[in-house]
Amino acid sequence: MARTKRSVHEQNLLVTANQHHPKHVHQHNRAMNAAKSSAKHAVVSKALLHPICDFRIPVTKAELSMDQWDAYAPQRFCYGVPTLIKYGFGNQLEFLRIPVTREDQLFGYVILPMIYKYSWLYLCCFVEWWLAMWKSWDSEFKKMTKKIKTKAQRKRAALVATSRKNVGARFLEAMVARRTVVADCIANGLKNGRIPSLDEFIIRNKRDWLFMEFDELPDNADKYLRADPLHTDNKALFETGWEEFGDPVSEILDQKDDGWISKGIDVSVIFKRGLSDALKTLKQAGKDVDITYNEASQIPNRWHECHEPPIRFVSERKDQFYRRGFNLDQPMIFLYQCLRDEVEIERADFLRELMDMLVTDETRYQWSLHVDQLIDGEMTWEEFSDLVADALDLKPNSRSNTIGPDGVKPDHPFLSIDALIAVRAYLRNLQNKPDTAVDFLLRSISRFSTPDASDSQVWNWVINTVTPDTVTEVLQKAHHDRLKLSNMGQDIVIHRTNIASPDLESSKETRFSFAMDDYVGNTGSDESPYVPTPIGDTHDFDWTEFLSPFQNIDAQAASRAFYGHLNEKPQDSEQFLHALVDGFSTVPSSDGAWDPVKNISQGMDHTTNLQPAEQFWSNQLYGDNTEDGRTSTLLNTPLVQIKHTHMETLWSKPSIDSHGMAMEQRLKTLFWLRDVRQAIENCRCNLISISKLRSTLATNTPQGHIQTVYNALVALDSGSINQEVLDGWLEKLQVEVGLQQMLGS
């Protein structure tokens, strides 16, 4: 039940906000001081850990116009029924999750500690009550102004206008209070503690201080500001000097009917019944009438959730991130996971997730350009994450959560987030810009990797094999086949496997011809390129169980995240690792193979501890057959042993057809020309030395360009070079490459 001074009557709810005009402040303080004698036996039974030392909720005594309120109608947020949700590892944490909708569409969530359920509902009902009362007074005022003819009618209309302003100020203060509380809830995240602004609202509402500044509080305010308003033993303290009356907000909540949450509150009956008495009381202008509205007050800059800085509600993705045991103290990990999802995130959704982390929306356009660059493969993840970390002013330990920049060693390009982004962009370009799809892909690859001969071969297979539904799987297979090439020293053509979608199989060869021929030149032949097929029947064979779970991106990301958690929260770090591992690994976290990861020392690199784990797992699967210090994995297991696992069909060395060799040579030439072009540009700008340029020209020179390169090296040795000479070499090389590709060589 709400409390009011003994002399205030129930009908004054229509005209007062339980507050005083500033000129009555001293009178109010005297009244409160007089109550000290009756309060001397009321003590603080349970104190707040952090007493209120200042007000978080600003005081406003202004009134919105109804036109201003209506202008925000399309942007109005509706808060739904709180639901109990379990968060964290092992569902250990219980919070209330409040859905937030706008125009009947889910917009996000507010997460609230369970102890505040009634207080939150009271605050929301408080807002709805004063909104309904304000609209009623506004409607009454507009109706009366249409028929003013006499002096009495003018006086009555003036009283109605005063009541509308007072109630309007009450509503606006309620909106400001809720916005402040919601912002605190978002900032609190999954900290199961207190919401200071909600404690403040409860105390100020109970003690009639909503329209008082902190320095206007009575002398005995300190004990109330340090008392826990939720603790039942403090009830007597907050009731001191006040008398119960019918609090409509409490009565609505007591009905156990949540209809007001979605439909609002109908006050028409109450309003009509109390209208005459309310105007009579206001006309008498007695000392018990509180005039909250102040004509000199300005409407605050932030009373609606969309005002700058806007409220950043918890999105569905962030809610899932919380439920998996993470928190937004690791913002880069969250953005990384958004990009890593099997279903590619829409760039508008990714931009929203990013903007929700930033203070203001004023830089949205600039960040939209950065997001476009990232998702189109025109900016690396490392470059993008550095921009975000700078914008968020992350501390060094939080920047490490970028997963290094993405937890992948430089010699594992196919596992990098940049490879995933580049291939997805390539598939989009095949539909929208087929003439330049391969060119854009090669540019993207060059930003995060320097492909060698084997890489060119593997990228060739990726381009020919990948479909929108198999990007992650194809890149994982490409990574393992690349390791196989480097470990076994074999020139192996990667085969097309049965992972493509059936509806795309018919267009595979056409799409491949599109991508390669349009980039390297049309051969003039109507024949589609021949694509090597797998040796043997691998359709029903599941080879993933033989691939190490310690060599993929998820293992390295889990190891890094575990290491960071170990430093910050060692008590639950092992449970944290279990949750991560069991989300991706075929080897459960309870397996002994993960013990080296759990036992990581402070001085050990976060990926080094994966090596003994890899060895342990390999010995379990293949036996201890280490040789010359090399880990025994599928990639270096003797062929006779592989035969016993029926995997020889996957790893047999096929014949290389002439078309595949020519196509691979084209890729090598293009990558070489790209490096030469970059080296010449850097030399022109004095970014590299003549020696470095000479080295680039002479490294892996394709056969058709030996004479041109030789002439260039002679000129370099003589020292007779200038910008015109450099441009001439580059133009000649480009012409030679174009002629070779037109001839199909």
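Helices (H or I, at least four residues) and strands (E, at least two) are DSSP runs, numbered from the N terminus. The legends below describe a predicted model, in which local features need pLDDT of at least 70, side-chain atom pairs count only at pLDDT 80 or more, and totals for chains, interfaces and linings use all residues. Residues are numbered from 1 along each chain as its sequence is written, and side-chain values use heavy atoms, with hydrogens and water left out.

View 1. Glutamate 308 and proline 309 are joined by a cis peptide bond, with omega at about -10°. Proline 309 belongs to the loop between H11 and H12.

**View 2. Phenylalanine 313 and its ring partners.** Rings of Phe, Tyr and Trp (its six-membered ring) pair if their centres lie within 6.5 Å; planes under 30 degrees apart count as stacked, over 60 as edge-to-face and the rest as tilted. A search of the whole structure gives 25 aromatic pairs. In one of them, the ring centres of phenylalanine 77 and phenylalanine 313 are 5.1 Å apart and the planes stand at 55°, so this pair is tilted. Phenylalanine 77 sits in the loop between helix H3 (66–71) and strand E2 (78–79), and phenylalanine 313 in the loop between helix H11 (268–284) and helix H12 (316–323), so the pair ties together parts 236 residues apart in sequence. Phenylalanine 77 and phenylalanine 313 are both buried, where buried means under 20% relative accessible area, exposed over 50%, and partly exposed in between (1.4 Å probe, protein chains only). Phenylalanine 313 also pairs with phenylalanine 107: their centres are 6.1 Å apart and their planes at 90°, so the pair is edge-to-face. Because phenylalanine 107 lies in strand E5 (residues 105–113) and phenylalanine 313 in the loop between H11 and H12, this pair ties together parts that are 206 residues apart in sequence. Phenylalanine 313 has 2% relative accessibility, while phenylalanine 107 is partly exposed at 24%.

**View 3. Arginines over aromatic rings.** A charge sits over a ring if NZ of Lys or CZ of Arg is within 6 Å of the ring centre and within 35 degrees of the ring normal. Arginine 352 lies over the face of phenylalanine 107, 4.8 Å from the ring centre. Arginine 97 lies over the face of tyrosine 109, at 4.3 Å from the ring centre.

**View 4. A cluster of rings.** Trp69, Tyr72, Trp134, Phe171 and Trp303 are linked into a cluster by ring pairs.

View 5. Glutamate 103 lies in the loop between strand E4 (93–102) and E5, and aspartate 104 lies in the loop between E4 and E5. Phi is near 50° for glutamate 103, a positive value in a residue other than glycine. For aspartate 104, phi is near 65°, again positive in a residue other than glycine. Glutamate 103 is exposed, with a relative accessible area of 58%, and aspartate 104 is exposed at 76%.

**View 6. Helix H19.** Helix H19 covers residues 437–448, and its 12 residues should span 16 Å at 1.5 Å a residue; the expected span is 1.5 Å times one less than the number of residues. The end C-alpha atoms of H19 are 18 Å apart, which agrees. Buried residues in H19 include Ala437, Leu441, Ile445 and Phe448.

**View 7. The whole chain.** The chain has 33 helices and six strands, and 50% of its 745 residues count as buried.
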